[in-house]
Amino acid sequence: MAQKVKVTLISLKHPCTACLITYGLIKEMLEKIQKDFDFVEIEYLELEDLKHIHSIPGLEVEKFPALLINDEQITAGSLPMKKQLITIIKSEAGIYEKN
Amino acid sequence: MNSKQLVIDALLNKEVERIPWIPFVGCHAAKLIGVSAEEYFKDSTNIVNGITKAYEEYRPDGLPALFDLQVEAEAMGCTLKYAEMNPPSVVTHPLEEGVKLSELKVPSEEDGRFPIVLEATRKICKKLGDKIAIYGLITGPFTMALHLLGTDIFYKMMDDPEYTHELLKFCEKVCISTARMYIDAGVDVIAVVDPMTSQISPSCFSEFVSPYATSIFNYIRSRAKLSSFFVCGNAKKNIEEMCKCKPNNVSIDENIPLEYVKKICQKYGVSFGGNIKLTVTMLFGTPTDNIKDAENCMSIGGKKGFILSPGCDIPFDTPSENIKAITSYVHGEVSKFLESNSTLGDVKVEIPDYKNEKQVIIDVVTLDSESCAPCQYMVEAVKNSAAKFGSKVRWAEHKIKEKESVVFMLKMGVKNIPTLLIDGKIKYISTIPEESQLEKDIESAVEKKNI
């Protein structure tokens, strides 16, 4: 049985246009992944101030949107590939592909 | 020279007397006039009032008529989600939902919010167009393709390059049509804003973006207008490809070192702009942080072919004081700005009796030489030169982060930073002297005092 995987998407409360577009695309990607893998839990966080950065476990880089899987930062300010995310999520869930 | 001419000359890669300043005001203008972002983006009167207010408050040399990269997408059937304090975002992609590319139509003046946006642009150009450069911002072809298709485009580029080219060809037509509408409305500059190209490699850029972007810039040139290519995010790898598309200017954000962009752009004869930090400095920093960032950018950018601007559109809640601090630095009015923004009434500073002192006194007014590069170079020059004169010379750094230094600055009539004074007289403003020249200056002051 797959283990639960926590995915956290963090954005600034007041992002610029480019960050907003990237955020929207990652959010869509995560929602599609969640439809295929029901053990994925997604949390959306909005940072009001950079001072709060340390309140989020695993968040290390001040670039947004930031994506964490099980409290480990995967991307910051860039768009991940869906296949890359699925591979990480499966690995975290303990699902390994048979060769 | 008026502000508009400054921007035009900088875009044309000419030497200018003062570096032009363009704050990319988008939804922040809504805050300036006390409306929500949604009310702002949907109403031409609000857009005109917001931009007028930004012009009055921030004394820029240029402004975008509108910073909204969703206008074209909405007019082609993408659903937008509007927000109170942010630009709208695209939430559906027609091509992902089964609409065929052949069914999409190039938007005209009558579609979506174009009637509102163009009416506002015409009014802004009429009101401010003789004073400052007005930018018409269009969504770049790759970002537009992402709006229409969603993230599947990354797979299509590999699996179905033919379709990807068809899609980008269509986006090129939309870009040219939108550029035409803005040019007809009276703008001076077309900025092709393609932030999502930072997500692709130079080879993908060269194959899927360059042919279409080049064609868009050729069209803008054929209409005798100037152009800028905006990118956001870490697009360092693509700067050279962007230059090859032959825009007049490349504008970048904080993720790319300005020195690098300057070097590449100069190689291609393209002017460049950027890259004040939007989040750390403008949104969350202090006015002093903003002065420091502007100073660093301007010292790297120089007066030939450089435009000072933020990396992307200014966030809604950015404190106005931070933007005004940058304005004060650009116009050489830092002391006036600090005076009006500090409570200095009870701060007492004793000015040395320079004439009767038995030493030559050098004062350097800085932001902080530990964190501001030009300040550091000026302080180092003073330190090295003064050391050669032993006890005949003493020097001090006055960091304007401290109130006493602001009072000192005001009393000495120093207007900008870094400034070097010898025996109370201003000698160098924002220019780092050669050490040999500075030594001659000190020597002359030593001789004058007969010490």
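## Parallel sheet of chain B

In this predicted model, chain B contains an open sheet of 7 strands in the order 1-4-5-6-7-8-9, with parallel pairing. Strand 1 (62–64) and strand 9 (306–310) of chain B are the edge strands, and each pairs on one side only. From one strand to the next, the twist averages 25 degrees.

Within this order, strand 5 (residues 189–193) and strand 6 (residues 226–230) of chain B are joined in the parallel sense by 5 bridges. B:Val189 is placed opposite B:Leu226 of strand 6 of chain B.

## Mixed sheet of chain B

Chain B also has an open sheet of 4 strands, ordered 11-10-12-13, in which the pairing is mixed. Strand 11 (393–399) and strand 13 (425–429) of chain B each have a single partner strand, so one side of each has no neighbour in the sheet. The twist here averages 20 degrees from one strand to the next.

Strand 12 (residues 419–422) and strand 13 of chain B run antiparallel and are joined by 4 bridges. B:Ile422 has B:Lys425, in strand 13 of chain B, as its bridge partner.

Helix 18 (residues 373–387) of chain B lies across strand 10 (360–366), strand 11 and strand 12 of chain B, and runs at about 165 degrees to strand 10. Helix 19 (residues 403–411) of chain B lies across strand 10 and strand 11 of chain B, at about 110 degrees to strand 11.

## Backbone features in the loops

The peptide bond from B:Ile417 to B:Pro418 is cis, with omega near -10 degrees. B:Pro418 belongs to the loop between helix 19 and strand 12 of chain B. In chain A, a cis peptide bond joins A:Phe64 and A:Pro65, with omega about 0 degrees; A:Pro65 is in the loop between strand 2 (40–47) and strand 3 (66–69) of chain A.

B:Asp423 is not a glycine, yet its phi is positive, about 50 degrees. B:Asp423 sits in the loop between strand 12 and strand 13 of chain B and counts as partly exposed because it has 18 C-beta neighbours inside 10 Å. B:Ser430, also a residue other than glycine, has a positive phi near 55 degrees. The loop between strand 13 and helix 20 (435–449) of chain B holds B:Ser430, which is partly exposed, with 16 other C-beta atoms within 10 Å.

## Helix 15 of chain B

Helix 15 (residues 287–301) of chain B has 15 residues, which at 1.5 Å a residue should span 21 Å; the end C-alpha atoms are 21 Å apart, in agreement. Of these 15 residues, 12 are buried, so helix 15 of chain B is largely enclosed by the rest of the structure. The buried residues include B:Ile291, B:Lys292, B:Asp293, B:Glu295 and B:Met298. After helix 15 of chain B comes B:Gly302, with a positive phi near 75 degrees.

## Contact between the chains and confidence

Chain B contributes 29 residues to the contact and chain A contributes 20 residues. On the side of chain B that touches chain A, strand 3 (89–90), helix 7 (141–149) and helix 14 (278–283) of chain B each supply at least two residues. Helix 14 of chain B gives the largest share of that side, 4 residues. By class, the side of chain B that touches chain A comprises 18 nonpolar, 9 polar and 2 charged residues.

The predictor assigns the complex an ipTM of 0.82 and a pTM of 0.87. The pLDDT of chain B averages 95, and 100% of its residues score at least 70.

Definitions and conventions. Residues numbered from 1 in each chain as written. Chains lettered and ligands numbered in written order. Predicted model: local features only at pLDDT ≥ 70, side-chain atom pairs only at ≥ 80, totals over all residues. pLDDT = per-residue confidence, 0-100. Contact = placed C-beta atoms within 7 Å. Nonpolar A, V, L, I, M, F, W, Y, C, P; charged D, E, K, R; others polar. Pairing = 2+ DSSP bridges. Axes fitted to C-alpha atoms, helices over the stretch in contact; angles between N-to-C directions. Expected span 1.5 Å × (residues − 1). Buried ≥ 20, exposed ≤ 12 C-beta atoms within 10 Å, placed from the backbone.
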